[in-house]
Amino acid sequence: MKKNILVFPCGSEVGLNIYSSVRYSRHFHLIGASSIEDHGAFVYEDYIPSLPFINEPSFIPILKSVIIDRKIDAIYPAMDSVIPILKSKETELGCKVVSSPLETTEICLSKSKTYNTFREIIRVPKLFSLETMHGFPVFVKPDIGYGARDTAIVEDTNTLNHIVSSKKGLLILEYLPGKEYTVDCFTDRNGKLIYAASRERNRIRNGISVNTFFSEKQEEFTTLAETINKRLLFRGAWFFQVKRDTNGELCLLEIASRLGGSSLLSRAIGVNLALLSLFDAFDIDIVPQINHNYHVVLDRALENKFRCSGLEYNTIYVDYDDCLVLSANLINVNLIRFLFDCINRGKKIVLLTKHRGDLYAEMRLFRIEHLFDEIILLSDDEEKYEYITDRCAIFIDDSFSERQRIKEKTGIPVFGPDMIDVLYS
């Protein structure tokens with residue numbers, strides 16, 4: 001039986017990473033939850049909306065009810081500030097919280113605690129106060145926070161005074177001009193560092209590495225990972241970020257006791273850190289199978305999801321030429337994907353075409369001859385609308401005039417190939 005895993009908050013970058021990493025596992029069933037409706041509502045098939053915010057008194061009692069009602073086996077926290085709170089309530093909640101021990105999560109949450117913990121062990125940034133400043137630029141960032149929120153490179157005293165006075169909890173640090181790296185790690189329940197891989201943060205947007213690739217030389221990063229792992233007790237996926245100083249030496253920026261937002265680069269070579277963390281949480285030993293024989297670059301952009309309500313259909317009527325099969329004799333893979341999704345949902349698929357040539361031979365060539373419940377091959381003078389017998393249906397065709405005629409004659413919704421993404425629920 002699958003273990004029920006509650007991901008909270010499921011719409012964060014980490015929550016979306018967990019979903020894409022675990023969705024196909026036969027061992028775990030993911031349930032998403034958030035306090036506000038976010039992108040997780042468009043991604044998680046099993047979704048719980050409107051949990052209280054984690055700092056509200058009702059959060060833990062309501063969460064306990066959800067755990068009992070939904071038979072939750074483990075909670076996978078998906079935001080830095082959430083991890084120590086849930087970990088501290090693990091016994092009360094009565095289910096596993098997938099994370100490192102509480103002490104580790106609390107140190108990692110605070111950059112000043114992190115620097116104090118490692119100051120005598122590895123290179124950490126120099127920390128200044130307004131009184132001890134002796135040169136610019138400096139880098140200002142929150143002691144507790146993530147991403148690029150409230151961070152700034154400061155070039156002068158007036159700007160620094162304004163920034164520091166306008167917000168509490170800011171650290172004034174030395175500015176590090178070199179390349180920045182994230183090192184994704186995995187430590188098993190016995191404290192053994194199983195995996196550590198450095199990736200260069202080539203392009204960064206809002207603190208998220210949106211273009212990243214593995215570093216050519218891993219040795220110095222692995223050594224740092226081993227040093228950090230010996231000082232703090234980790235369990236499951238974690239990561240740290242480093243940046244080179246003016247001398248090229250690596251300097252620690254932060255450590256996080258969670259999955260990295262762009263750690264799916266590791267998944268691309270066979271190391272599924274979210275899945276490994278879940279197996280480890282249930283005391284199951286898994287050794288990652290790493291593919292070393294290709295090079296991967298991860299580039300990220302906004303993903304589009306649509307929610308289409310009120311559209312009901314039992315049958316899909318679809319055209320062939322320049323729709324299902326494109327002009328260059330290429331399969332429209334997005335449309336094929338949608339049709340197979342319709343098969344999963346028990347829909348009827350009818351091919352409605354005026355194709356000239358050996359249609360069946362071509363479909364065998366493209367290996368799609370068994371995709372349809374019915375194939376209707378029309379002559380040039382026949383009208384497609386005459387063959388649309390099910391009015392609880394949709395029609396997909398590349399031709400605007402054909403779509404317009406179908407809409408006028410039958411009243412069913414019509415879609416071009418460019419609109420297929422709207423149909424995914």
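Here is our chat about it, question by question.

Biologist: Before we start, what kind of model is this, and how are residues numbered?
Modeller: It's a predicted model, where local features need pLDDT of at least 70, side-chain atom pairs count only at pLDDT 80 or more, and totals for chains, interfaces and linings use all residues. Side-chain values use heavy atoms, with hydrogens and water left out, and residues are numbered from 1 along each chain as its sequence is written.

Biologist: How is helix H6 oriented against helix H7?
Modeller: H6 covers residues 102-109 and H7 covers 111-118; helices here are DSSP runs (H or I, at least four residues), strands are E runs of at least two, and both are numbered from the N terminus. Their axes sit 5 Å apart at an angle of about 110°, using lines fitted to C-alpha atoms over the stretch in contact and angles from 0 to 180 degrees between N-to-C directions. Angles under 35 degrees count as roughly parallel, over 145 as roughly antiparallel, 65 to 115 as roughly perpendicular and the rest as oblique. So H6 is roughly perpendicular to H7.

Biologist: Which residues of H7 make that contact?
Modeller: Contact means heavy atoms within 4.5 Å. From H6 come Glu106, Ile107, Cys108 and Leu109, and from H7 come Lys111, Lys113, Thr114 and Thr117.

Biologist: What is the volume of the largest cavity?
Modeller: A cavity is a set of points on a 1 Å grid over the protein atoms alone where a 1.4 Å probe fits but cannot get out; lining residues have an atom within 4 Å of a point. Points are joined across faces, edges and corners, and a volume is the space filled by probe spheres set on them. The search of the whole structure finds 2 cavities of 30 Å³ or more, and the largest has a volume of about 80 Å³.

Biologist: Which strands each supply at least two residues of its lining?
Modeller: The largest cavity is lined by 13 residues, with Tyr76, Val98, Ala237, Ser257 and Arg258 nearest its centre. The strands that each give at least two lining residues are E4 (74-77) and E13 (236-244).

Biologist: And the second largest cavity: which helix gives the most to its lining?
Modeller: That cavity has a volume of about 40 Å³. Asp80, Ile83, Pro84, Thr105, Cys108, Leu109, Ala256 and Ser257 line it. Helix H4 (82-88) is one of the elements with at least two lining residues, but the most, 3 residues, come from H6.

Biologist: Where is Pro137, the proline joined to Phe136 by a cis peptide bond?
Modeller: Omega between Phe136 and Pro137 is about 0°. There's also a cis bond from Phe8 to Pro9, with omega near -15°, and Pro9 lies in the loop between strand E1 (3-8) and helix H1 (13-22). As for Pro137, look in the loop between strands E6 (127-128) and E7 (138-142).

Biologist: Is Lys71 buried or exposed?
Modeller: Lys71 lies in the loop between helix H3 (59-69) and E4, and has a positive phi of about 55° although it is not a glycine. Buried means under 20% relative accessible area, exposed over 50% and partly exposed in between, with a 1.4 Å probe and protein chains only. At 61% relative accessibility, Lys71 therefore counts as exposed.

Biologist: What is the relative accessible area of Arg367?
Modeller: Arg367 is in the loop between helix H13 (359-366) and strand E18 (374-377), with a positive phi near 65°. Arg367 is exposed, and its relative accessible area is 76%.

Definitions and conventions
1 Å grid on protein atoms, 1.4 Å probe; cavity = no way out; pocket = protein on both sides within 12 Å on 5 of 7 lines; lining within 4 Å.
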